[in-house]
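Me: I want to check how the labels on a model follow from the numbers. Take me through the structure below, one label at a time.

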Amino acid sequence: MRSVLGTLGPLAVSLSLVGAVAACTATGSDDAGSATSPGASLASSSMPTGSGSGSGDAAGGQVPVGPSEPRPVRGSVEVVRTLPHDPTLFTQGLQVVGDEIYESTGEYTRSQVQRRPLAGGPPTVSVRMADDEFGEGLAVTPDTLWTLTWTNGIAHNRDPRTLEVRSEVPYEGEGWGLCHDGERLIMSNGSAELTFRDPVTFEPTGTVSVTSGGTPVIRINELECADGTVLANVWMTDEVIRIDPATGAVTAIYDASALERPRPASREAVLNGIAALPDSENVLLTGKLWPTMYEVRLIG
């Protein structure tokens, strides 16, 4: 069921500046339709179990912008080319390292982490997670691949080549997105808060609250550290936000609602997955169960 769309020439896709809910309404869950672990709530990277309450609800499909300064600019994306993506992958984390791409996926009994050539082809290495683990975001440091679990409260320290678990580190709360900015790990938990962590020990070293025009932005999901900023999906929207990690201020909101149309039939097939491309200002965007990855320029 893979759709190989091939490489497109520079294709400008003008996107509406009105965000759209991706394929469902606000009662969705990351693992609907899949096996659930005993006692688990219905959603991962969706309805936070205590950390995601507050103003700035994104379920209406658009990241809120409050009246306070600084206020983010609204922009769009321009498609440069498309790459194939396995439509069975429930994408949670995505990162490009050299000429390879790392991806972590969710769903109970089906979560995995894999490394494969960026140019395409089957995984070089793929390692399944335990059946009771719902995989979430990942981050590659010079000597470690860190992967998160949604409600198990466990981060896996993995060998970046074999992907095998070397050790486990507990953390409090939920795990959603993760990225490495060269000095520290940055982690989301579905709320409006990002946590900074030591890249060796995974110990927390600080937090910052994310706001857009002074309004908290909740349901921050997959993260990508890029050029001193943090790019983030906001769950259940078709928008990518750019965050200043020093202040938590959202500086830009990019509408990606025109990507992958029509969407796969599953209501879980939402935008999720950001990977910066080395030596480029472009990024890869994809979604859960999408057959395509898009190399895009962020405009605005």
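Reply: Start with one cut-off: buried means under 20% relative accessible area, exposed means over 50%, and partly exposed lies in between. Keep in mind that this is a predicted model.

Me: Why is Arg116 called buried?
Reply: Arg116 has a relative accessible area of 7%. The limit for buried is under 20%. Therefore Arg116 counts as buried.

Me: What makes Arg116 and Glu103 a salt bridge?
Reply: The N to O distance between their side chains is 2.8 Å. The cut-off is 4 Å, between a side-chain nitrogen of Lys or Arg and a carboxyl oxygen of Asp or Glu. The pair is within it, so the label holds.

Me: Which parts of the chain does that bridge tie together?
Reply: Arg116 lies in strand S4 and Glu103 in strand S3, so the bridge joins parts 13 residues apart in sequence.

Me: Is Glu103 buried or exposed?
Reply: Buried, because its relative accessible area is 0%.

Me: How do you know that Arg161 and Glu100 form a salt bridge?
Reply: Their side chains meet at 2.9 Å, N to O. That is within 4 Å, so the pair qualifies. Arg161 lies in the loop between strand S8 (154-158) and strand S9 (165-170), while Glu100 lies in strand S3, so parts 61 residues apart in sequence are tied together.

Me: What labels do the two ends of that bridge get?
Reply: Arg161 has 44% relative accessibility, so it counts as partly exposed. Glu100 has 13%, so it counts as buried.

Me: Which residues are linked with Glu100 in a network of salt bridges?
Reply: Arg115 and Arg161.

Me: What makes Asp238 and Arg261 a salt bridge?
Reply: Their closest N and O atoms are 3.2 Å apart. The limit is 4 Å, so the pair passes. The bridge links distant parts of the chain, 23 residues apart. Asp238 is in the loop between strand S17 (229-234) and strand S18 (239-243). Arg261 is in the loop between strand S19 (250-255) and strand S20 (271-276).

Me: Why do Asp238 and Arg261 get their accessibility labels?
Reply: Asp238 is at 0%, so it counts as buried. Arg261 is at 45%, so it counts as partly exposed.

Me: How many salt bridges does a search of the whole structure find?
Reply: It finds 12.

Me: On to the rings. How many aromatic pairs does the structure hold?
Reply: It holds 7.

Me: Why is the pair of Phe90 and Phe134 called edge-to-face?
Reply: The ring centres are 6.3 Å apart and the planes stand at 80°. Centres within 6.5 Å make a pair, and planes over 60 degrees apart make it edge-to-face.

Me: What makes Tyr108 and Phe134 an aromatic pair that is edge-to-face?
Reply: The rings are 5.1 Å centre to centre, with 80° between the planes. The distance is within 6.5 Å and the angle is over 60 degrees, so the conclusion is edge-to-face. Tyr108 is in the loop between strand S3 (100-105) and strand S4 (112-117), 26 residues apart from Phe134.

Me: Why are Tyr108 and Phe134 called buried?
Reply: Tyr108 has a relative accessible area of 1%. Phe134 is at 0%. Both values are under 20%, so both residues count as buried.

Me: Which residues do ring pairs link into a cluster?
Reply: Phe90, Tyr108, Phe134 and Trp150.

Me: How do you know that Leu118 is buried?
Reply: Its relative accessible area is 14%, so Leu118 is under the 20% limit. Leu118 is found in the loop between S4 and S5. Beyond its neighbours within four places in sequence, Leu118 is in contact with residues including Leu83, Val96, Ile101 and Leu277.

Me: What does the whole protein look like in numbers?
Reply: It comes to 0 helices and 22 strands. Of its 300 residues, 59% count as buried.

How values were computed
Residues are numbered from 1 along each chain as its sequence is written. This is a predicted model: local features need pLDDT of at least 70, side-chain atom pairs count only at pLDDT 80 or more; totals for chains, interfaces and linings use all residues. Side-chain values use heavy atoms; hydrogens and water are left out. Rings of Phe, Tyr and Trp (its six-membered ring) pair if their centres lie within 6.5 Å; planes under 30 degrees apart count as stacked, over 60 as edge-to-face and the rest as tilted. Helices (H or I, at least four residues) and strands (E, at least two) are DSSP runs, numbered from the N terminus. Buried means under 20% relative accessible area, exposed over 50%, partly exposed in between (1.4 Å probe, protein chains only). Contact means heavy atoms within 4.5 Å.
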